[in-house]
Amino acid sequence: MEQKVVTRFAPSPTGFMHVGNLRTALYAWLLARKYKGIFILRIEDTDKEREVEGATEHILKVLNWVGINWDEGPDVGGSHAPYVQSERLDLYKKYAEILIDKGLAYPDPYTTEEVDGFREKAELEGRPFLFREHRPENFEKWDGTKPLRFKVPEIKNYHWHDLVYGDLSAGSEALDDFILIKSDGFPTYNFCHIVDDIEMGITHVIRGQEYISSIPKFLSIYEALGADLPSFVCLPHIMGKNGKNKLSKRDGAKDILEYKVEGYLPEALLNYLALQGWHPKDDQEIFTVDELIKSFDVNRVQKAGAQWDDDKLNWINKEHMKKLSADELQDEILKWLPEKMQNPKIIPIIFERITRFGDIKGMIEKGELDFFFKQPEYSKEKLIFKNTPAEKILSNLEQAIKKLKDLDGSIFTAENVKKVLMGIAEGLESKGELLHPVRFALSGLDKSPDPFIIAEILGKNETLSRLQKAI
RNA sequence: GGCCCUAUCGUCUAACGGUUAGGACAUCGGCUUUUCAAGCCGGUAAUCCGGGUUCGAUUCCCGGUAGGGUCACCA
């Protein structure tokens, strides 16, 4: 790489970040980090109508949570500051003047209603609407009160290269006299993102594939400005559950921070997102962030959209949970437990039953952990194992109590309890004649961890007390 | 509708024109087992259709079909 790679993530603060936005940010970031380049965060807030209060803060929060850091941006500054478009209006005006001077920009003389009329007429006639067909012969001087339109210098078919999609081309109807500066004085995306990308020295423009059809417009601006082209990188969409639509809220596109609330590990989310549209050379699926940076390769980005799959995300999350150290795991799980349940001994039991830390909430709500902390309530007939007579169950339990009493409290481990209970159970017709009632007496649940580990966690006294209560 | 893009198991995907079309998730079955969870082992499952090109197409070309995107004073 002779030239330093410079990429950017340029969200508009019009709502919450969802997985599609995040993946675009991720790929741009991975590329910059892989080549030791620069990653810029730029806020594109030129649509004051749609701007949502707090959206910028939300974006920063999301990126911080997942660990995507930026070298230049609104909060950290940089040599191209400011990084918020609404603070760069003079710059866009300067570039607009350049186009005006070249005779390539003019004020739109029509009212909105008139333009809408043209559009409707074209639609009625079944042909594409092109503003340039209504381009006035003579332009007035632009006074800033009317929208400033670009005058496409040459109507032609563009051919260009995209790092993901390869050689692309478009018909000339993709070219039109689009608006550069709106009547409110703010520039349009079509214009200002190009100005900024040029000014900031962006080498790779990474964005969703919905922009492919706008690229001829962009090319005509680059050309009019006499600017060098960056590398274009369009990304396939992430599709909703049915696989047929670009992921939308209805399809389950969530605020990224919800994944935090649900207890996903940020590294796992990035891992899954990376794989949603990209595949390494080998079959590796579990990646640390550093491994992603090392392996990521734009040439291996898919062209087709990928359907979102919560199951796979959950699997990847669990794999990342498994990589946590015992201490990290304990700290994390304890965070999700109410104070009265913070017993480190139940951590392994919780861990093997969850794929996200947030699942702990569900376990607590369903009362699946209550028996560790208080004597369960149950009806005695539930102690019966299949068709075993009640008397037999009781005598088995009595035997277990007797033997367990002999087991010293200091070595009352799952392993030793198992030895003792198996000693009795193996002599029975079915081991369930003992193990089921013991487990049930201890947990009061149809489904629970095995009786040995429960006994260890409860300790000798509590275990015996619960067994005693059962007979 | 015009323009553009895409097409391998249910899903994410692998396969410099030559592979028994590979892996993973999910699913199913088995093992383990007192139940659950976990774990281990195994199975089912795909090249959209039709034409070319070629000794040979998942792969290249054309057409169809299907899906997606886009045609704003939104980004």
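Residues are numbered from 1 along each chain as its sequence is written, and chains are lettered from A and ligands numbered from 1 in the order in which they are written. Because this is a predicted model, local features need pLDDT of at least 70 and side-chain atom pairs count only at pLDDT 80 or more, while totals for chains, interfaces and linings use all residues.

User: What makes chain A more spread out than a compact globule?

Analyst: The radius of gyration, taken over C-alpha atoms, is set against the globule rule, 2.2 Å times the number of residues to the power 0.38. For 471 residues that rule gives 23 Å, whereas chain A has 32 Å, well over that value, so chain A is more spread out than a compact globule. Along its principal axes the C-alpha trace spans about 105 × 50 × 40 Å.

User: Why are the buried residues of helix H3 said to line one face?

Analyst: Helices are DSSP runs of H or I with at least four residues, and strands are runs of E with at least two, numbered from the N terminus. A residue is buried if 20 or more other C-beta atoms, placed from the backbone, lie within 10 Å of its own, exposed if 12 or fewer, and partly exposed in between. In H3, Tyr 92, Tyr 95, Ala 96 and Leu 99 are buried. Seen down the axis, the buried residues of H3 fall within an arc of 105° (the arc of the directions from the helix axis to the C-beta atoms), so they line one face of the helix. The face turned away from that buried side carries the exposed residues Asp 90, Lys 94 and Asp 101.

User: Why is Leu 337 called partly exposed?

Analyst: Leu 337 has 18 other C-beta atoms within 10 Å, and because a count between the two cut-offs is classed as partly exposed, that is the term for Leu 337. Leu 337 is found in the loop between helix H11 (326-336) and helix H12 (347-351).

User: Which residues are the closest to RNA strand B, and what makes a residue count as near?

Analyst: A residue is near a strand if its C-beta atom, placed from the backbone, lies within 6 Å of it. By that criterion 68 residues surround RNA strand B, the closest being Tyr 189, Ala 304, Ala 306, Lys 431 and Asp 450. The largest share of this surface, four residues, comes from H16.
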